[in-house]
Amino acid sequence: MCTYKLSKSEIVELQNKRLRWLVKYVYERSPFYRRRFIENRIDPDDIRTKEDLKKIPFTTKTDLRDNYPLGLVSADPSQIVRFHASSGTTGNPTVVAYTKQDVENWAELNARCLEIAGVTSNDVVQVAYGYGLFTGGLGLHYGAERLGAKVIPASTGNTKRQLKLMKDLGTTVICCTPSYGLFLAESARDEGLDPKRDLKIRVGVFGAEPWSENTRRRLEEQFVESAHDIYGMSELNGPGVAMECSMKDGLHVWEDHYIVEIIDPNTGEVLEPGEKGEMAVTTIKKEGMPLLRYRTRDITILEDQPCECGLNHARIKRILGRTDDMLKIRGICVFPSQVEEILMKTEGVSPHYQLVVDREGVMDRLMVRVEVSEDFKTDRLTDLVNLQQKLEEELKDTLSIHAVVELVEPKKLPRSEGKAQRIIDMRKI
Amino acid sequence: MIKQLSVFLENRPGRLANLLDILERNNIRVLAMGIAEAGNYGIVRLILDKEGEALEVLRSSNMAVNETNVIIIGLNDLTSAVKILGNASINIDYAYTMDCQKVVLKVSNEMEAMRALSAAGIKVLSVRDEQ
């Protein structure tokens with residue numbers, strides 16, 4: 001499977017060709033995009049190369065919601081073979097639709113992801129992402145199957161059974177969220193297992209939430225030989241949009257399927273490679289529900305330099321935060337990943353935390369609840385007070401606002417088996 | 001050497017009760033207890049009749065707990081004992097009473113402290129010694 005090892009010029013050529021196809025395709029088939037083009041006086045024939053994308057307005061999550069459920073579907077209804085939906089915490093869920101070819105492509109992209117992380121047909125791949133409306137489980141399932149690996153469709157939850165399957169079936173690849181990965185390692189130790197010795201997990205495919213280098217270190221120390229970040233979202237098929245290769249220096253975006261732009265989230269202006277901003281993605285191979293310049297709300301940096309692994313697909317840095325996860329506290333942007341980074345490198349606390357924001361009078365207050373680790377070695381209160389103060393100082397240095405650190409007992413913060421619930425915003429705005 | 005267990009607890013109603021309940025359910029007796037608190041958390045220091053067992057029980061209940069060496073002396077020796085330790089440049093980090101007659105001392109160097117006290121004729125006690 002080396003069809004994706006393309007030269008830079010081959011990639012650009014494919015992107016431009018497929019973009020021209022896409023623009024014509026949605027103009028002819030999607031009432032939503034046809035209206036958009038007409039309202040903005042865009043002639044589909046004027047979009048020749050990806051530099052012309054700037055002429056097209058962004059597509060947003062709100063567009064998907066306003067046109068719920070299927071207003072952005074371009075394919076003929078008879079061609080649709082699958083729906084997925086992402087959770088609708090505010091109002092309607094987001095529904096996405098796939099043609100047979102879309103499902104095929106999705107499998108191919110996930111197979112590529114696994115392959116560049118070092119997974120082969122000899123591996124036993126345990127997929128502990130949710131199966132169902134959520135795309136995580138099925139996406140990686142298809143990828144592993146396409147690669148010819150042995151798949152364990154464990155789905156989420158039932159941690160004891162997950163560990164038993166790992167042990168009994170000799171799992172060598174785990175796919176789950178990074179927070180669940182840490183939880184699995186912790187639970188394994190509670191069961192008297194040394195995950196690094198008693199399990200033989202070579203590769204971890206961790207995604208669906210932002211994570212840090214420190215989390216990678218912990219996962220590799222405690223659980224898997226090699227931890228890789230995978231990126232995706234249901235609007236863009238699901239997992240398999242971008243993946244870390246063995247260099248672990250950014251995630252390769254499958255540029256023959258997706259065109260990535262980094263934009264200023266406030267002005268919409270396109271930024272240069274190396275600049276931090278919101279990622280907007282155009283799906284140039286999707287048929288069911290292709291999207292033009294879809295605003296992902298994920299913050300990252302595009303890296304266009306060649307990678308040592310030999311792939312020419314551009315890389316994005318790990319997701320640095322989300323425009324909608326971002327907490328605005330006293331006018332300052334706070335990303336949970338910044339807090340996580342600090343906690344991960346501090347001895348005496350566990351990587352589990354919770355951010356609580358409330359308002360005292362007119363002032364926002366940030367409280368960071370952190371678990372004292374079980375192997376915390378002190379009987380002196382001053383050591384705890386020092387730990388708390390050190391954390392507060394480091395948070396202040398990084399976030400530029402004062403946060404109150406509350407130390408809590410081990411394993412007292414809620415563990416999530418999917419995406420961790422880490423922010424509690426109690427401000428009544 | 002006498003082992004004290006130190007347990008990290010949140011400073012909220014019910015947390016201490018939970019800790020003591022776990023000990024009681026495992027037939028572990030509390031012989032002395034001291035609490036140090038700072039805002040919304042604190043450390044409970046305990047002298048127990050079965051500290052090894054207690055350590056395991058508390059760890060398996062997901063508590064942050066560890067062992068510390070302490071010494072015990074009679075309350076009526078306290079005044080002279082602290083003078084001797086002071087003269088020997090040994091710091092008393094914290095102390096609490098036990099059975100109304102004894103004092104538990106956490107010192108900066110327990111071996112030296114025991115030597116200094118014994119040399120001055122002050123008896124270093126075990127948990128079961130009657131005063």
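Guide: Let's start with a definition. Axes are lines fitted to C-alpha atoms, for helices over the stretch in contact, and angles run from 0 to 180 degrees between N-to-C directions. Helices (H or I, at least four residues) and strands (E, at least two) are DSSP runs, numbered from the N terminus. This is a predicted model: local features need pLDDT of at least 70, side-chain atom pairs count only at pLDDT 80 or more, and totals for chains, interfaces and linings use all residues. Residues are numbered from 1 along each chain as its sequence is written, and chains are lettered from A and ligands numbered from 1 in the order in which they are written.

Visitor: OK. At what angle do H10(A) and H11(A) pack?
Guide: The angle is about 140°, and the axes of H10(A) and helix H11 (residues 381–399) of chain A lie 10 Å apart. H10(A) and H11(A) are therefore oblique to each other. Here, angles under 35 degrees count as roughly parallel, over 145 as roughly antiparallel, 65 to 115 as roughly perpendicular and the rest as oblique.

Visitor: Is the crossing of H10(A) and H11(A) left-handed or right-handed?
Guide: Right-handed. That label applies if the near helix is turned clockwise from the far one by less than a right angle, and left-handed if anticlockwise.

Visitor: Which residues meet there?
Guide: A:Gln338, A:Val339 and A:Ile342 in H10(A) meet residues of H11(A), including A:Leu391 and A:Leu395. Two residues are in contact if their C-beta atoms, placed from the backbone, lie within 7 Å.

Visitor: New topic. What is the order of the open sheet with four strands?
Guide: The order is E19-E18-E17-E20 in chain A, with mixed pairing. Strand E19 (403–408) and strand E20 (423–425) are the edge strands, each pairing on one side only. Two strands pair if DSSP finds at least two bridges between them. Neighbouring strands of the sheet are turned by 20° against each other on average, direction ignored. Helix H10 (residues 336–344) of chain A packs on this sheet and touches E17, E18 and E20.

Visitor: How many bridges join E17 to E18 of chain A?
Guide: Nine, and the two strands run antiparallel. One bridge partner pair is A:Leu355 with A:Val368 in E18(A).

Visitor: Is A:Val372 buried or exposed?
Guide: A:Val372 sits in strand E18 of chain A. A:Val372 is buried, with 24 other C-beta atoms within 10 Å. A residue is buried if 20 or more other C-beta atoms lie within 10 Å of its own, exposed if 12 or fewer, and partly exposed in between.

Visitor: What is A:Val372 in contact with?
Guide: Leaving aside neighbours within four places in sequence, its contacts include A:Leu407, A:Pro410, B:Phe8 and B:Ala64. A:Val372 and A:Pro410 are 38 residues apart along the chain, but their C-alpha atoms are separated by 5.6 Å.

Visitor: How many residues does the contact take from chain B and chain A?
Guide: 18 from chain B and 16 from chain A. On the chain B side, E1(B) gives the most, with five residues.

Visitor: Last one. Which residues touch the most other members of the largest nonpolar core?
Guide: A:Val125, A:Val127 and A:Cys175, in a core of 92 residues. A nonpolar core is a set of buried Ala, Val, Leu, Ile, Met, Phe, Trp, Tyr and Cys residues joined through C-beta atoms within 7 Å. Helix H4 (residues 100–116) of chain A gives the largest share, seven residues. A second, separate core of 57 residues includes A:Val339, A:Leu391, B:Val7 and B:Ile72.
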